[in-house]
Each structure stands twice: as C-alpha cells, then as structure tokens.
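Let's take a friendly walk through a model together. Please have the viewer open and follow along, one region at a time.

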Amino acid sequence: MQLFAPSLAFVDLETTGTRAAADRITEVGIVRVDADAHGGPPRIHEWSSLVDPGIPIPPVIQSLTGITDAMVAGAPTFSRIAADIEERLADCVFVAHNARFDHGFLKHAFARIGRPFSARPLCTVRLSRRLFPDADGHGLDAVVARHGLTVTNRHRALGDARALWAFVEALYREIPAESIAEAVKRILRIPSLPPQLPADTLDRLPEAPGVYFFYGDNPLPVYIGKSINIRDRVSAHFAGDWRSETDLRLSQEIRRIEFEETAGELGALLREATLVKALLPALNRALRRKEEAGVLALADDGALRFLPAAAIDPAELAMNYGPYASRRSAREALRAIAAEHQLCWRRLGLEKRTSGPCFQRQLKRCAGACVGAEAPADHDRRVAAALAPSAIPRWPFAGPGIVTERNAARECVDVHVLQHWCWLGTARDEGDLAALLDAPPRPQFDIDVARLLVKRWTRGSLALVDVTRGSASPST
Ligand SMILES: [Zn+2]
C-alpha cells in the first residue's frame, strides 16, 4: 500500500466541551502509521493517555465519553505529556475527523504551556466529502457504517483514532491510490513546485512579511509579489487548484526565487509598489491595467468629474472621492450609487443630453433633478452623503507623518514617512530618517498605497505620528 504521505498521525481528543480556548483535553489518542521504506506493510504505533484537565468534566460529557472526574484525577497533566505528543506527531500529516477541532485544542493546550505547535491537519470529513460527494453524511458514525468498519470504544480517543485509520485503509481497498492522493493533495493544497526548482525552495523562504522575486533566465525578475507571509504566498502560486493564467506562465518561466523581508505589511506593499514601477517585470505588467487611476471631484454644477491622479497635486487629493483604478471604474461606481440613491444621471454628468428626463428618470430611478422635481441643491446634498464613505480624508498634519512597523522576532524596524496618503520613503535607522525629513521628496500618488493608507486610517488602524510635533494622532 502506497500511502499518501510517509508518516500519518491519526489523532483524536476527548475534551470537557467544544470551545478550544475555555475547555480542556481529557484524553489523547494517536495512531501513528509510518510507511515502510522497502514497500512492506506500514509500522503502526498506538498510544493514548488520559489527561487531568484541571477542571470538572460536565456530566453530559462524562456520560458521552465514559471519562469521569474520578478517572482523570490521577492522570498526568497536559504539560507532562506534551513532549510525548510532540514526538509522536513529528513529521506527520495530522489526520483527524473535524481536524480543526483537534488541531485547535492542541494549539491552545501547547500555547498555555508556552510551546509552539504547528501541524499540517488533514480533515477526514473533508476527505470523505471529496471522495464521496453524494454520500448522506460524513460524521464518524456515518463513515463507519458506510465502509463497514469494525470499531470498538467509540467516543474514546484511541477507539476513534483507530476508526480513522481503518477508514483510510478501507479507502485504499475501495478506490485507486491516485484518487486518494489527488483528494489529499487538494485538501492540503500541497504545492507542486515546478520541476526546475530545487526541492527545498519553499523551506528556504521565511514565514514573514516582505517581497519576493521570481526570476527566469534574465537578470531582471519576471514577477514581483508581496505578502505578510512570503512562504505561504509563494506556495499558493504553485498550488494546483487555483492556478491562474499568470501562475501557469510563472511555473514555466521561473528558474529561481529571491526575497526581501520587511518589518510589516505596509512595508511590503510600499516596497512592492516601488520595485514594480522601477523594474516593470513582464508578468506584473501583464496584470496591471493600462488605465490611469484617479479621483472624482464634485463640481459646482453638481457633476462629478474624473481627475487623473497624475494631473492633481496630492495635497489636493483630500475631499475628492475614490481613488478609482480607472475612469471606467469611477463611472461604474458612480452609476451604482446613482441607482441606489435615485440620483440624476444628467446632473451627475453621466449623460450628455441637455433636456427632458434623464435615462434614470425614464426608468423611474431618478428622483427628478432633471425635470425640476428635486431642487439642485437638495440633489447635490444627497450626492455628497451617498459618496461620503468614499471621500478621501484630509491629511491630518501640516507636514509628513510616520508609521513605524516592528518585527521583534527578526529585530527589524521600518519607519515609513508619509504625506498626503503618499509614501515619501522608509528609514531603517535615525540617520535615514533625519535625511528623509530634512529633504522630503515630493509626494507621488500611487493608488495601491493611497488605498491601503486611507482604508487603515478610516478604520482607525493606522498608527500615524506627526513628526513635527512628535505626538501620536489617533484617527477620527
Ligand atoms: Zn434625472
């Protein structure tokens, strides 16, 4: 039997309840299955232990599992068996029914004793659902009945862990191994690395924020991306199940991957935006729309005009609406708002005809500014209210502000200097910062940067500090 992974750990827990943060583990059962390197039958190690939860077990749970307060009274606490559990799960795919439950409980239990825990959980509910989409149920009882599994000690940890292993064994009798492997791969989203890349490529990447560069045969990158977790994001490019046209091209062209860490998400975005502009990687170019970003400005005649961002001074961005990726997307957004609020297409400048009811009015979706049924001032007030959520806020300071991102684990600090929702530069030490503040460059509008900054500011999650006054300014 060629198992889908060299080592599997079938895990089941009994607990005092269903909430991973508040409830505690009362029993752990693990069936570890290691494939034989020479093609013989797999080696199987079973282990289980009761756990003293340190809190009473509710009577209803006691009667379900048969595990009573008296039984766990002399059992080891979780901290005493944690090392044992770790060792038994090492290098295994973590297989459990409703894996999120067992995985979550273990994660919390380890966290409480200050130890990290990570595993690759494979949920047998999802596996069953994927392989037998038409089956009636995927609870453990349904699975046991459907596959005619012999199970003893249901609702005890080792009994249920054994049932899961029996389920996987039954699968290998019932369906081709390739179908099982394919289903597992999709559930785990195991990335298939392009064959020309070294097998340890992903392991070399940090699980940290930053930018990554995909290189082909040329000295310039073919693609630059950003993420708060470089390794995860790069894996996703190669995870078969949501392969896009770009990812397909990347897989063919890629020869090596490089990366640059940043202290946080904002730093990664700013770095990516700059690098993409400077290096114009072929595949980023293909993704980027050619259209020009801009904002909508409300004119005295009640019309909303599109202003290309390049044409306006960033200092005057505020109190316009947007930003929008293109003239067309601005128009689409405006039409949607018009429909929702019964606004007039003529007054908004969405149509050129100068007399008679506007197109919206003909559809009975305009309150009538075009035919004198609504006063222009009333209409314009409603426009401003409808657009208020997309109003670009006023820059709160007279001069630049800074946002500091720290990554304590990596001893990395980025100080981003910003003004008018534009990025002026990032300093990594006092000298850099002084230089940037002494002679700040002119703010240059970038739609991605502006969007992120405005979104965070509006939500109150941008810790922007006024450098001229040195005090933090909470957003309003
Ligand atoms: Zn109208």
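A word on ground rules comes first. This is a predicted model, in which local features need pLDDT of at least 70 and side-chain atom pairs count only at pLDDT 80 or more, while totals for chains, interfaces and linings use all residues. Residues are numbered from 1 along each chain as its sequence is written, and side-chain values use heavy atoms, with hydrogens and water left out.

Let's begin at the zinc ion. Which residues coordinate the zinc ion? The SG atoms of Cys 344, Cys 358, Cys 366 and Cys 370 do, at 2.3 to 2.4 Å. Donors here are N, O and S atoms within 2.8 Å of the metal (3.2 Å for Na, K and Ca), and water is not among the atoms, so sites may look incomplete. Along the chain, the donors of the zinc ion follow the spacing C-x13-C-x7-C-x3-C. The 4 donor atoms subtend angles of 104 to 113° around the zinc ion, so the arrangement is tetrahedral; four donors count as tetrahedral if all angles lie between 85 and 135 degrees. For orientation, the ideal angle at a metal with four tetrahedral donors is 109.5 degrees. Cys 366 and Cys 370 are both buried, where buried means under 20% relative accessible area, exposed means over 50% and partly exposed lies in between (1.4 Å probe, protein chains only).

Now for the helix pairs. Helices (H or I, at least four residues) and strands (E, at least two) are DSSP runs, numbered from the N terminus. Axes are lines fitted to C-alpha atoms, for helices over the stretch in contact, and angles run from 0 to 180 degrees between N-to-C directions.

Start with helix 3 (residues 78-89) and helix 4 (residues 99-112), which pack at an angle of about 125° with their axes 10 Å apart. Helix 3 and helix 4 are therefore oblique to each other; angles under 35 degrees count as roughly parallel, over 145 as roughly antiparallel, 65 to 115 as roughly perpendicular and the rest as oblique. The crossing of helix 3 and helix 4 is left-handed, meaning that the near helix is turned anticlockwise from the far one by less than a right angle, whereas clockwise would be right-handed. Phe 78, Ala 82, Ile 85, Glu 86 and Leu 89 of helix 3 make the contact with Leu 106, Ala 109 and Phe 110 of helix 4, contact being heavy atoms within 4.5 Å.

Helix 5 (residues 124-131) and helix 8 (residues 177-188) also pack at about 125°, with their axes 10 Å apart. The crossing of helix 5 and helix 8 is right-handed. Here Arg 126, Leu 127, Arg 130 and Leu 131 in helix 5 meet Ser 179, Ala 183, Val 184, Arg 186 and Ile 187 in helix 8.

How do helix 11 (residues 265-279) and helix 18 (residues 447-459) cross, and at roughly what angle? Their axes come within 10 Å and cross at roughly 160°. That makes helix 11 roughly antiparallel to helix 18, and their crossing is left-handed. The residues in contact include Leu 266, Leu 269 and Leu 270 of helix 11 and Val 449, Leu 452 and Leu 453 of helix 18.

Asn 98, in the loop between strand 4 (93-96) and helix 4, has a positive phi of about 60° although it is not a glycine. Asn 98 is partly exposed, at 46% relative accessibility. Asn 153 likewise has a positive phi of about 60° without being a glycine; Asn 153 sits in the loop between helix 6 (140-146) and helix 7 (157-174) and counts as exposed at 52%. The peptide bond from Gly 322 to Pro 323 is cis, with omega near 0°, and Pro 323 belongs to strand 11 (residues 321-324).

In helix 7 you will find Val 168, which is buried with a relative accessible area of 0%. Leaving aside neighbours within four places in sequence, Val 168 is in contact with Phe 4 and Phe 10. Finally, His 420 lies in the loop between strand 13 (412-419) and strand 14 (422-427). Is His 420 buried or exposed? At 17% relative accessibility, His 420 counts as buried. Not counting residues up to four places away in sequence, His 420 touches Pro 314, Ala 315, Leu 317, Trp 395 and Pro 443.

Conventions
Four donors count as tetrahedral if all angles lie between 85 and 135 degrees; four count as square planar and six as octahedral if opposite donors are over 155 degrees apart and all others between 65 and 115; anything else is irregular.
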